[in-house]
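Please open the model in your viewer and keep the sequence panel beside it. The stops below say what to select next and what is to be found there.

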Amino acid sequence: MATLQEQIREVEEEIKKTTYNKATSFHIGRLKAKLAKLHDEVEKKSSSGGTGEGYSVKKSGDATVTLVGFPSVGKSTLLNKLTDANSEVGAYAFTTLTVVPGVMEYKGAIIQILDVPGLVKGAASGRGRGKEVIAVIRSSDLVIFLLDVFQPTHYQVLMEELYEAGIRIDQTPPDVVIKKVDRGGIRINSTVELDYLDEDTIKSIMDEYKIHNATVLFRENITVDQFIDVVAGNRSYVSSMIVVNKVDLANDSILEDNKKRYPDAVFISAHNSQNLDMLRDVLYDRLGFIRVYMKPQGEAADLEEPMIVLRGTDVGQICDRLHKDFRKKFRFAYVWGNSAKHPGQRVGLDHKLMDGDILSVVIQK
């Protein structure tokens with residue numbers, strides 16, 4: 001019987017050989033779904049042995065950021081400069097063999113930064129401790145792709161490895177709802193025109209995942225690959241930023257080439273602490289923090305020290321931050337500010353807050 005890697009290569013070859021047109025779109029959709037399932041099986045198999053020491057890191061602070069890059073790009077040096085960590089630094093590959101956490105306090109926010117072993121090509125299949133590293137990345141709020149100024153093409157390799165591992169960088173979950181039912185086949189509804197999916201393609205993808213009875217609602221015009229992500233249901237969506245290191249060693253020509261490739265990147269020298277203040281500013285902005293002011297029941301709002309949380313945080317997540325029992329004892333909350341339809345709006349746990357909101361949580365006594 002063919003190995004998983006052999007099956008993957010066979011499906012990839014068939015996709016390449018198949019001419020794309022309306023008549024073959026459902027077949028290609030099924031092949032892509034099969035390929036995605038095979039990659040998921042590879043990931044499960046390579047991680048079945050458990051994670052090594054240091055790979056179970058409890059999230060702390062207001063956000064978690066993971067430094068991702070090839071070995072010897074300077075992740076440990078950068079972590080030590082930005083935080084209170086003490087990650088071993090060495091001029092050889094795989095100095096960091098476990099996850100090393102550090103804490104950076106900036107503009108009132110507490111940001112956890114994780115230094116993980118360098119990723120290499122083949123990481124999605126488990127090479128070079130890739131599975132353990134990818135597990136950490138999945139739970140991050142943001143990834144810093146740290147690149148060596150002399151190896152700018154490493155970015156494409158890293159993106160491909162994370163994509164194969166089911167991590168979608170700088171994407172948002174497609175606005176599609178699949179509800180499984182007991183009978184009736186596949187029923188499809190859409191509030192938008194679908195340019196890349198037809199009924200046969202949708203059904204062939206769902207059939208590959210053994211979903212034969214369900215209602216599907218599309219609220220977004222998505223691609224075949226995005227729909228497969230929805231059906232698979234195990235993708236992680238993580239924001240990112242690019243940081244190019246070792247600029248102190250590069251000449252003007254090399255720097256210019258990097259800036260053309262990555263115009264939005266931050267260019268630093270971790271060794272010389274060059275542009276680290278700029279990096280802190282950009283990192284803070286990219287995380288998208290908001291301020292929420294708490295108003296205890298029957299008291300005035302504390303407008304001096306806001307709670308710093310990530311954009312998109314809801315009332316339930318605030319309750320989790322306040323006390324372990326608040327969600328369980330929650331009755332309702334009042335909100336004043338940008339997210340409220342009117343001052344003092346009564347809301348539930350799933351109400352999403354906005355910058356500058358005032359929140360009062362009412363719990364059972």
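In what order do the three strands of the open sheet stand, and what is the pairing? The order is β6-β8-β7 and the pairing is mixed, where two strands pair if DSSP finds at least two bridges between them, and where helices (H or I, at least four residues) and strands (E, at least two) are DSSP runs numbered from the N terminus. Because β6 (176-180) and β7 (186-190) stand at the edges with a single partner strand each, one side of each is left without a neighbour in the sheet. Neighbouring strands of this sheet are turned by 10° against each other on average, direction ignored.

Before moving on, note that this is a predicted model, in which local features need pLDDT of at least 70 and side-chain atom pairs count only at pLDDT 80 or more, while totals for chains, interfaces and linings use all residues. Residues are numbered from 1 along each chain as its sequence is written, and side-chain values use heavy atoms, with hydrogens and water left out.

Select β6 together with strand β8 (residues 214-218): the two pair in the antiparallel sense over five bridges, and Ile178 stands opposite Val216 in β8.

In the loop between α6 and β8, select Lys210. Its phi is near 60°, a positive value in a residue other than glycine, and at 63% relative accessibility Lys210 counts as exposed (buried means under 20% relative accessible area, exposed over 50%, partly exposed in between, with a 1.4 Å probe and protein chains only). Most residues other than glycine have a negative phi.

Next, go to helix α5 (residues 154-164), where His154 is placed. At 18% relative accessibility His154 counts as buried, and, leaving aside its neighbours within four places in sequence, His154 is in contact with Phe70 and Leu147. The buried residues of α5 are His154, Tyr155, Val157, Leu158, Glu161 and Leu162. They cover an arc of only 160° around the axis, which puts them on the same side of α5; the arc is that of the directions from the helix axis to the C-beta atoms.

Now display helix α3 (residues 75-82) with helix α9 (residues 276-287), whose axes come within 11 Å and cross at roughly 85°. The two helices are therefore roughly perpendicular to each other, a term that covers angles of 65 to 115 degrees. Their contact is made by Leu78, Lys81 and Leu82 of α3 and by Leu276, Leu279 and Arg280 of α9.

For the last stop, select strand β11 (residues 289-294), which is mostly covered, five of its six residues being buried. With strand β12 (residues 307-310), β11 pairs in the antiparallel sense over four bridges, and Arg291 stands opposite Ile308 in β12. Three bridges join β11 to strand β15 (residues 357-363), and these two run parallel; the bridge partner of Tyr293 in β15 is Ile358.

Terms used:
Axes fitted to C-alpha atoms, helices over the stretch in contact; angles between N-to-C directions. Parallel < 35°, antiparallel > 145°, perpendicular 65-115°, else oblique. Contact = heavy atoms within 4.5 Å.
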